[in-house]
2 protein chains.
Amino acid sequence: MSERPLLVIDGLQYAKWSEKIFREMREGGVTAVHVTISYWEDYDETLARIAEWDRRFESFSDLIVPGRSAADVRRAREQGRTAIIFGAQNCSPIEDDIGLIEVLHDLGLRFMQLSYNNQSLLATGCYEREDPGITRMGREAIREMNRVGLVIDMSHSAERSTLEAIELSQRPIAITHANPHAWHAARRNKSDDVLRALGESGGMLGLSLYPHHLKDGTDCTLRAFCEMAARTAELMGVESIGIGSDLCQDQPDSVVEWMRNGTWTKARDYGEGSAKQAGFPPQPAWFQGNRDLGALAQGFRDAGFGEADVRKIMGENWLDFFERSFGPAP
Amino acid sequence: MSERPLLVIDGLQYAKWSEKIFREMREGGVTAVHVTISYWEDYDETLARIAEWDRRFESFSDLIVPGRSAADVRRAREQGRTAIIFGAQNCSPIEDDIGLIEVLHDLGLRFMQLSYNNQSLLATGCYEREDPGITRMGREAIREMNRVGLVIDMSHSAERSTLEAIELSQRPIAITHANPHAWHAARRNKSDDVLRALGESGGMLGLSLYPHHLKDGTDCTLRAFCEMAARTAELMGVESIGIGSDLCQDQPDSVVEWMRNGTWTKARDYGEGSAKQAGFPPQPAWFQGNRDLGALAQGFRDAGFGEADVRKIMGENWLDFFERSFGPAP
């Protein structure tokens, strides 16, 4: 169809970053990745993560560049590099200070989840028993995130908080990494109500390749994954889906333990895992890392998507969303 | 009755601390005061507040001493000084780290509210639209506060969170400054259900002298206040009530604005006040400050309390509660 090579964008990764992985991004033809810089990190710790990225941008300037706008992503594509877009999986970087939303946007943050598994100051996480919706501070934060162009991400939030965030936000929001609950009833996957509201509001879903979000887990086939994508496109509209692999390439199991427990408990929480399977689950054979991202396109074609739609899902939808979302409110 | 002078303890103050006020505490015969050191302050900021108190303890060692135990309070009484007991009106000093509960207890913190008006990481505040109860981290925090002997204070929390805190806590909790909602329907005052559960569990209510918590506000009479105390004693048991004046002596109005708004909103919240009455409300004529605390005893006598009960309300109940609460769990 088009003569241009496929645009590949991944809506979420948290890898143990290294030159090896950046080279694999290039081998996989990956033009942009939304990377997590904070889970439980507060403001100061988030600045330290940004400084680490600054060093990587300097050391590996032939491979990666900062991605703060759709234009940065287009430029990275021209230059054969990968644009790195900063995101936080929790609102901990702003602590209890609404003024830090603009400060962190100035520092390049482009996505922020309103809650991560637990109740936050802004919204409820998907592991709480009950979900009263967006808090008083949450309403203020949504308004401010809309104003500066920091995307609201509800991947780890609970149902009602997510529906309210879609409703309250004046700009489309994202669920950067999750799948439909109807396909695989994981706590992190999303109801049809949420997905429909997300699609109708112009938001984006990044389809997750994390085994706990996949039907049959590690044994999920590429075909099953892509057929799920086809049904999701029917539900939400093909313009609202992309990839959000949730890839944690090369991370040791201590990292998933920290993701789940942070410093909020003295007991041990297993999150989506269990005492028997406490670590990272093994990835499916067909998706081991960044080199395999481009190859998902053939899976989508085999599941019946036309070439234009394959291009949308593989990256064009995300690029369009970045264009609409990363700048100040019109 | 007893030959000893009346023991006077105030269950909450947040004054603009000065030598003048410490002298007034002595003139009022005040043996111990639970003072707020944090509203929105995080851990580092709370340490700065503690360092400020350390300087005051050094400068005014003839007037005030640190109060970390019931024994400290008894010693202060013998020495004719006022024991200062540290408390936080929010859980912001522990940020998102359960390990800071023990650290702050080591530094002298003896009370901590689980939430202040808004949703916190632990519980819901009384100004939120809905209250889903104690959060996942809140359950862990209650267990840890019980273990080390940091008193759970629910003065600014919402109804269900308060009832759940009473239920979940293995040790009695406190509502250091509030009155019955049935007497004056302020949002900060507490339902009979809460007060009954608090009394049955061996907890303490500090009766508030803050005008927004008083029937007829600034015009509330000492008689009306003390008759309310008599009805509250019938509801909860006289052993469960004390004074918690919520006195903000000498504070400028900028402080109440900060209490209400912290850094959580860019708009302006008036809390218990209003745009027309945004500042601190004037205190009733009969309770202007620390010098007037001791004189409340006569009001309780006039409302029909016997001398033994007057002594309990004026200070002995708080001292007994400190004895049971400030050490490690038995």
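In this short talk I will go through a few local features of a predicted model.

Residues are numbered from 1 along each chain as its sequence is written, while chains are lettered from A and ligands numbered from 1 in the order in which they are written. Because the model is predicted, local features need pLDDT of at least 70 and side-chain atom pairs count only at pLDDT 80 or more, whereas totals for chains, interfaces and linings use all residues.

Five of the five residues of S7(A) are buried, so the strand is largely enclosed by the rest of the structure; buried here means 20 or more other C-beta atoms within 10 Å of the residue's own, exposed means 12 or fewer, partly exposed lies in between, and the C-beta atoms are placed from the backbone.

S7(A) pairs with strand S8 of chain A, residues 204-207, in the parallel sense over three bridges, pairing being a matter of at least two bridges found by DSSP. Within this pair, A:Ala178 stands opposite A:Leu207.

Now to the backbone angles. Most residues other than glycine have a negative phi. A:Asp250, however, has a positive phi of about 65 degrees, and this residue sits in the loop between strand S9 and helix H9 of chain A. Phi of B:Asn117 is also positive, near 65 degrees.

Definitions and conventions
Helices (H or I, at least four residues) and strands (E, at least two) are DSSP runs, numbered from the N terminus.
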